[in-house]
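Here are a few notes to get you started. Have a look at the model first, then read on.

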Amino acid sequence: MSSTNKATGRLSWALVLLISGIAASLRLYLLAEVPGGFYCDEAANGYNAYNLFQHGVDEHGRRYPLFVWSFLAFKY
């Protein structure tokens with residue numbers, strides 16, 4: 001392996017570590033406060049996705065609907 005390849009490899013690893021460190025610090029900053037929880041539409045989407053994956057029905061019992069009705073809101 002030439003010295004140029006070694007330097008490029010070290011630079012690549014340094015960049016990966018730098019980006020990972022920045023990403024981790026941004027993710028962990030105020031982790032206990034942000035996000036404060038789910039909104040009802042986010043929870044409904046998650047519940048419907050779970051039901052469709054596990055049982056093949058939405059929250060109203062329809063099998064594999066093309067559009068999901070949830071909390072009186074029409075979602076795509």
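1. A quick bit of background: the expected span of a helix is 1.5 Å times one less than its number of residues. Keep in mind, too, that this is a predicted model.

2. Now look at the outside. Leu 11, Leu 15, Leu 18, Ile 19, Ile 22 and Leu 26 make up a nonpolar surface patch, and their accessible area together is about 630 Å². Leu 26 sits in helix H1, which covers residues 3-28. Is Leu 26 buried or exposed? Leu 26 counts as exposed because its relative accessible area is 64%, and the cut-off for that is over 50%.

3. After H1 comes Leu 30, with a positive phi near 55°.

4. On to H2, residues 40-54. This helix has 15 residues and runs 21 Å from its first C-alpha to its last, close to the expected 21 Å.

5. Which residues of H2 are buried? Ala 44, Asn 48 and Asn 51 are. They sit on the same side of H2, because they cover an arc of only 65° around the axis. As a rule, an α-helix has 3.6 residues a turn, so residues three or four places apart point the same way. The cover over the buried residues of H2 includes strand E1 (68-70).

6. Last one: just after H2, Gly 56 has a positive phi of about 80°.

Key. Residues numbered from 1 in each chain as written. Predicted model: local features only at pLDDT ≥ 70, side-chain atom pairs only at ≥ 80, totals over all residues. Heavy atoms only, no water. Patch = residues over 30% accessible without salt bridge, like charges linked within 9 Å, V, L, I, M, F, W, Y side chains within 5 Å. Areas by Shrake-Rupley, 256 points an atom, 1.4 Å probe, with all protein chains shown as cover. Salt bridge = Lys/Arg side-chain N within 4 Å of Asp/Glu carboxyl O. Helix = DSSP H or I, 4+ residues; strand = E, 2+ residues; numbered from the N terminus. Buried < 20%, exposed > 50% of the residue type's maximum accessible area, 1.4 Å probe, protein only. Arc of directions from axis to C-beta. Contact = heavy atoms within 4.5 Å.
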